[in-house]
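Welcome, and take a moment to turn the model around before reading on. The report below walks through it piece by piece.

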Amino acid sequence: MPNIKSAIKRVKVTQTKTLKNKVVKSSLKTITNKFDNALIDNEVEVAKKLYPELVKKIDQATAKGAIHKNAANRRKAKLALRLNAAGQQ
């Protein structure tokens, strides 16, 4: 445990930010799993409805700094490819 006042504060701030990022990432994983399960079960219409919500969650996570901008774009691109591939079948 740090002894210096500024270091103590940094530990508290880091813990708070970590918790907020964990909440954001957890909600992102939840909706991603719903989307994945819809694609696995061949429910393309459900997946199409979930896709805009998922993109919105990814953008919100990016705006809050929970994930990097390039990582968000990569995720959205992969999801779009998977959705389009499922729609083709």
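In this predicted model, Arg-82 and Asp-36 join their side chains in a salt bridge, with 2.8 Å from N to O. Arg-82 belongs to helix H3 and Asp-36 to helix H1, so the pair ties together parts that are 46 residues apart in sequence.

Asp-59 is partly exposed, with a relative accessible area of 35%, and Lys-76 counts as buried at 18%.

| Salt bridge | N to O distance |
|---|---|
| Arg-82 and Asp-36 | 2.8 Å |

Which residues does Lys-76 contact, once its neighbours within four places in sequence are left aside? They are Tyr-51, Val-55, Ile-58 and Asp-59.

Tyr-51 leads us on to the aromatic rings. The model has one aromatic pair. It is made by Phe-35 and Tyr-51, which are tilted, with 6.3 Å from centre to centre and 45° between the planes. Phe-35 is part of helix H1 (residues 5-40) and Tyr-51 is part of helix H2 (residues 44-63), so this pair ties together parts that are 16 residues apart in sequence. Phe-35 counts as buried, at 0% relative accessibility. Tyr-51 is partly exposed, at 21%; the cut-off for buried is under 20%.

Which residues of H1 are buried? They are Val-24, Leu-28, Ile-31, Phe-35, Asp-36, Ala-38 and Leu-39. Both Phe-35 of the aromatic pair and Asp-36 of the salt bridge are in that list. The buried residues of H1 pack against H2 and helix H3 (69-88). Just after H1 comes Asn-42, which takes a positive phi of about 60°.

In helix H2, Glu-45 gives us an example of a residue facing outward into the open. Glu-45 is exposed, with a relative accessible area of 54%. Between the C-alpha atoms of Glu-45 and Ala-66 there are 29 Å, and the two residues are 21 residues apart along the chain.

Next comes H3. Its 20 residues should span 28 Å at 1.5 Å a residue, and its end C-alpha atoms are 29 Å apart, which agrees. Ala-71, Ala-72, Lys-76, Leu-79, Leu-83 and Ala-86 are the buried residues of this helix. They cover an arc of only 135° around the axis, which puts them on the same side of H3. On the other side, Lys-78, Leu-81 and Gln-88 are exposed. What covers the buried side? The cover over the buried residues of H3 includes H1 and H2.

In soluble globular proteins, nonpolar side chains tend to be buried together. How many residues does the largest nonpolar core have here? It has 18, and those with the most contacts inside it are Phe-35, Leu-54 and Ile-58. H1, H2 and H3 are the elements that give two or more residues to this core.

Ile-58 shows these links well. Leaving aside neighbours within four places in sequence, Ile-58 is in contact with Leu-28, Ile-67, Ala-72, Arg-75, Lys-76 and Leu-79. Among them, Leu-28 is one of the buried residues of H1, while Ala-72, Lys-76 and Leu-79 are among the buried residues of H3. Phe-35, for its part, is named both among the core residues with the most contacts and in the aromatic pair with Tyr-51.

Conventions: Residues numbered from 1 in each chain as written. Predicted model: local features only at pLDDT ≥ 70, side-chain atom pairs only at ≥ 80, totals over all residues. Heavy atoms only, no water. Phe/Tyr/Trp six-rings, centres within 6.5 Å; stacked < 30°, edge-to-face > 60°. Helix = DSSP H or I, 4+ residues; strand = E, 2+ residues; numbered from the N terminus. Buried < 20%, exposed > 50% of the residue type's maximum accessible area, 1.4 Å probe, protein only. Contact = heavy atoms within 4.5 Å. Salt bridge = Lys/Arg side-chain N within 4 Å of Asp/Glu carboxyl O. Expected span 1.5 Å × (residues − 1). Arc of directions from axis to C-beta. Core = buried A, V, L, I, M, F, W, Y, C linked by side-chain atoms within 4.5 Å.
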